[in-house]
Amino acid sequence: MSVDRREELTARLSAVRERIDAACAVEGRRPEDLILVAVTKFFPATDVELLAGMGVRDIGESRDQEAGDKVSELAGAIREGLRVHFVGQLQTNKARRVARYADVVQSVDRARLVRGLDTGREAALEEGEVTDPLDVLLQVDLGEGEQAGRGGSAPADLAALAEAVADAGHLRLRGVMAIAPRDLTDDDTRRAFDRLATLGERLRHTHPDATWVSAGMSGDLEAAVAAGATHLRVGSAILGSRPPQR
Ligand SMILES: *Cc1c(COP(=O)(O)O)cnc(C)c1O
């Protein structure tokens, strides 16, 4: 069974890499400047290990309990070679815990999360569980007019949120993240990601290290490459379909 799964993941991953290469060729970008985050939510630690064996260095998770359990199941050497990105909606009372096992939290959407993330990371650093501050992206709501956003801070609140993260001693502000509104045309998706890229640029006037732009999933990674994303979060195109989410 694991041989079949290995073959399936190999084929799906290489198809995704081909899409990224093709999009980069169109845009005159270099594929090595893009980080592919394989979103492994709903899939077991064994899939993460298979992907790690295929050169995947970044994985994404969106549900706290599942993510924490999965990360602790990984063999030590595999865990050390991976960057674990938390990309899901984060409850305030879970922030402390996530800050201990994640390397990156991409979904910081309100200042109330900052304290829990910072104290959780501080504890993990003190106990020698981690060696670096927690990398943080600010999630931005790209809803506009009739199009409902899919979570994140209002663009107008971004500057204040950035200050809160930058003032925390154990967090490192790295950039912005967004999910495109549902059911947009390709052109509108591109425009939404362009707005995200512009917000990221603006953030860099005051926070020069905030260079990451995380955008693009299985259905819209080409638009994200075109808009200058640095990180793509791809789940189902690599792992297959998962049960419908709330
Ligand atoms: C699940 C998820 C993804 C991956 O979505 P796919 O459409 O399966 O590629 C990306 N980003 C976030 C925040 C997610 O929750």
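The buried residues of helix α6 (residues 112-126) pack against α5 (95-101), β4 (104-108), β5 (134-139), α7 (158-167) and β6 (171-177). Here, helices (H or I, at least four residues) and strands (E, at least two) are DSSP runs numbered from the N terminus, and buried means under 20% relative accessible area, with over 50% being exposed and anything in between partly exposed (1.4 Å probe, protein chains only). Keep in mind that this is a predicted model, where local features need pLDDT of at least 70, side-chain atom pairs count only at pLDDT 80 or more, and totals for chains, interfaces and linings use all residues. Residues are numbered from 1 along each chain as its sequence is written, and side-chain values use heavy atoms, with hydrogens and water left out.

**Helix α6 and the cores**

- On α6, the buried residues are Leu113, Val114, Gly116, Leu117, Asp118, Gly120, Arg121, Ala123 and Ala124.
- After α6 comes Gly128, which has a positive phi, near 75 degrees.
- Leu117 is in contact (heavy atoms within 4.5 Å) with Leu90, Ala95, Arg96, Ala99, Val105, Val108, Leu134 and Leu171, leaving aside its neighbours within four places in sequence.
- Leu117 also turns up in the largest nonpolar core, which has 69 residues; Val105, Leu117, Leu138, Leu232 and Ile238 have the most contacts inside it.
- Helix α1 (residues 2-27) gives the most to this core, with 6 residues.
- There's a second, separate core of 5 residues, including Val87, Val104, Leu137 and Met177.
- For reference, a nonpolar core is a set of buried Ala, Val, Leu, Ile, Met, Phe, Trp, Tyr and Cys residues joined through side-chain atoms within 4.5 Å.

**Around the ligand**

- Val39, Lys41, Val87, Ile179, Met217, Ser218, Arg233, Val234, Gly235, Ser236 and Arg242 surround the ligand, each with a heavy atom within 4 Å of it.
- This shell splits into 5 nonpolar, 3 polar and 3 charged residues; Ala, Val, Leu, Ile, Met, Phe, Trp, Tyr, Cys and Pro count as nonpolar, Asp, Glu, Lys and Arg as charged, and the others, Gly among them, as polar.
- Lys41 puts a polar side-chain atom 2.7 Å from a ligand oxygen, Arg233 has one 2.9 Å from a ligand nitrogen, and a polar backbone atom of Gly235 sits 2.8 Å from a ligand oxygen.
- On its own the ligand exposes 380 Å², and the protein buries 89% of that (Shrake-Rupley method, 1.4 Å probe).

**Ser218**

- Ser218, one of the shell residues, lies in the loop between β7 (212-214) and α9 (221-226).
- Ser218 counts as buried because its relative accessibility is 16%.
- A polar atom of the Ser218 side chain lies 3.0 Å from the backbone nitrogen of Ala237.

**His85**

- His85 lies in strand β3 (residues 83-86) and, at 0% relative accessibility, counts as buried.
- The His85 side chain makes a polar contact with the side chain of Gln106 (3.0 Å). A polar contact is a pair of N or O atoms within 3.5 Å; within protein, one must be able to donate a hydrogen and the other to accept it, and residues adjacent in sequence count only if both atoms are side-chain atoms.

**Phe43**

- Phe43 lies in the loop between β1 (35-39) and α2 (45-53), and is buried, with a relative accessible area of 14%.
- Phe43 and Ala164 are 121 residues apart in sequence and 34 Å apart in space, C-alpha to C-alpha.
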